[in-house]
Amino acid sequence: MAPGAVEPERVYLDYAGFAPVDPRVLAVMRPFLEAGIGNPSARHSLGAEARESLDAARLKVARLCGGAAGGIVFTSGATEANNLAIKGVALRARPGAARVLLSAIEHISVINACRDLEKAGVALTVLPVDAEGRVDPEALRAALTADTVLVSIAAANPEIGTVQPLKEIARVTRAAGVPLHVDGVGAIGRVPLGVEAMGIDLLTMSGNDLYGPPGSGALWVRPGVRIHPQILGGGQEGGYRSGTENLPGTVGFGVAAELMRVEGAHHEATRVATLRDRLMAGVLATVADCRVTGSRVARLPHHLSVVIRGVKADSLLLDLDLAGVAASTGSACASLTQLTSHVLRAIGCTTAEAEGALCFTLGRWTTATDVEAVLQRLPPIVSRLRALAPLHT
Amino acid sequence: MAQESKLFNADRQIDCTGLFCPMPIVRTREAIRRMAVGQVLEMLSDDPSSDPDMRRWALHMGHDLLQVTRSGAVYRFVVRKTR
């Protein structure tokens, strides 16, 4: 930047990658880091206080997901919760006689947990999705076999924003008596996702996804669904997840869940969706040869994903960053391997299209000014990159 | 299988068994980056998704995937760096 030049105001639209922690959450967490209220198993009075705080957090998270508090198992985040759900259920079944069904667009933590099970003799069925990324409940019904021990389908896809027809999916798994695991990251607090109302048996949640601290998460497990613990030790979290509880993180997660329950699904989702719609309309109107990926209708309220033909996402993200805009491709895995994301492949994107995948996720502190700034800064960047890449026609 | 592997003398070998996507590709990329054009890398992996991933990666990067063999659960990939 030239000396004296004014740095453009930063616009943060990567809430799915990391969400800033809500100051109200931080304020509640602080005493748990500073005052010795740390170990819920301790026999002194501070231990009792810690136990009560942990139980209160459990209740708050349970209220957000609409299930019994006893079903909450706190974890270090969504990846651990996904591993616990999938391996926990499948490893209780007889090896060599178990099958897990998952969709083709699951999160890498679900896919890799399943791949690990495959090595242990568990069979996998991968369900295709349509061009918008939706699982067909009838196809799921047809794919269910007598040896199926678990179905794992995320409520919404973090890369393309599509929300699954979960109620219909749960109706199918219910009728077959097969437990349904749902990765709720991105969806919970933003779209209806009550475990009882929907018929979900295991639900993954992330604290940071709700403006809570990173390193906090939970798996809700329906009473009666048995899982095999993946982390062994002193028997914390009902024996399902040993290790001294991350109390500051868990308390913060509880407050974040409560704020999300009270504010998230109502005016916040509407406010953010209005901004997102403005961003979507603006990008489509000002950037030629660009289309939305995922569903336009069944979509996370804070999510916009597009493919812009004739540009590479890496260059786009770099230039956007220089212009003060933080966005993402939506797929950390694909950027590490430099391969096309499995999600975009599954919805039929060509390699050339997928190279120009761009993902904006809005949040609690996104403003109309932020959206207008992106709409001003993005089109000239695309034009410049296309001029550099003569292949674009 | 053992005779087949003699077809190509690898200049470098990496063992990615026990690792999952994206790590086998990430480690392959790092290893290839440090090698000279024309040199051959042997990579072992027991992640089932390594097979399609390595084929696509080699195609995408323009390197020669000389051989893919499988012994039990372990895949063996032989790649020549071309550029």
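This is a predicted model: local features need pLDDT of at least 70, side-chain atom pairs count only at pLDDT 80 or more; totals for chains, interfaces and linings use all residues.
1. **Helix 4 of chain A within its own fold.** Helix 4 of chain A also belongs to a β-α-β crossover. The chain goes from strand 3 of chain A through helix 4 to strand 4 of chain A, and the crossover is right-handed. Strand 3 (residues 99–103) and strand 4 (residues 123–127) of chain A run parallel and are joined by five bridges. One pair to look up is Ser103(A), whose bridge partner in strand 4 of chain A is Leu127(A).

2. **The other partner of strand 3 in chain A.** Strand 3 of chain A also pairs with strand 5 (residues 148–152) of chain A. This pairing is parallel and runs over four bridges. Here Leu102(A) stands opposite Ser152(A), which lies in strand 5 of chain A.

3. **The seven-stranded sheet of chain A.** These strands belong to an open sheet of seven strands. The order is 2-8-7-6-5-3-4, and the pairing is mixed. Which strands stand at the edges of the sheet? They are strand 2 (72–75) and strand 4 of chain A. Each has a single partner strand, so one side of each is left without a neighbour in the sheet. From one strand to the next, the twist averages 20°. As background, strands of a sheet pair through backbone hydrogen bonds, in either the parallel or the antiparallel sense.

4. **Chain A overall.** Chain A has 13 helices and 12 strands. Its radius of gyration is 22 Å, close to the 21 Å that the globule rule gives for 393 residues, so chain A is as compact as a globular protein of that length. Along the principal axes, the C-alpha atoms of chain A fill a box of roughly 65 × 55 × 35 Å. Of the 393 residues, 51% count as buried.

5. Glu258(A) sits in helix 8 (residues 247–286) of chain A. Is Glu258(A) buried or exposed? Glu258(A) has 21 C-beta neighbours inside 10 Å, so it counts as buried; the cut-off is 20 or more. Glu258(A) and Ala57(A) are 201 residues apart in sequence, yet their C-alpha atoms are 9.0 Å apart in space.

6. **Chain B overall.** Chain B has two helices and four strands. From the N terminus on, its elements run β-α-β-α-β-β. Of the 83 residues of chain B, 31% count as buried. Among contacts in chain B between residues at least 6 apart in sequence, 61% join residues at least 24 apart.

7. **The sheet of chain B.** The four strands form an open sheet in the order 1-2-4-3, with mixed pairing. Strand 1 (12–15) and strand 3 (64–71) of chain B are the edge strands, and each pairs on one side only. The twist averages 15° from one strand to the next. Strand 1 and strand 2 (residues 40–45) of chain B run parallel, joined by four bridges. Within this pairing, Arg12(B) stands opposite Leu41(B) of strand 2.

8. **A helix on the sheet of chain B.** Helix 1 (residues 23–33) of chain B packs on the sheet. Helix 1 touches strand 1, strand 2 and strand 4 (74–80) of chain B. The direction of helix 1 makes about 165° with that of strand 2 of chain B.

Definitions and conventions: Residues are numbered from 1 along each chain as its sequence is written. Chains are lettered from A and ligands numbered from 1 in the order in which they are written. Two strands pair if DSSP finds at least two bridges between them. A crossover is right-handed if, with the strands pointing away from the viewer, the path from the first strand over the helix to the second runs clockwise. The radius of gyration is taken over C-alpha atoms; the globule rule is 2.2 Å times the number of residues to the power 0.38. A residue is buried if 20 or more other C-beta atoms lie within 10 Å of its own, exposed if 12 or fewer, and partly exposed in between; C-beta atoms are placed from the backbone. Axes are lines fitted to C-alpha atoms, for helices over the stretch in contact, and angles run from 0 to 180 degrees between N-to-C directions. Two residues are in contact if their C-beta atoms, placed from the backbone, lie within 7 Å.
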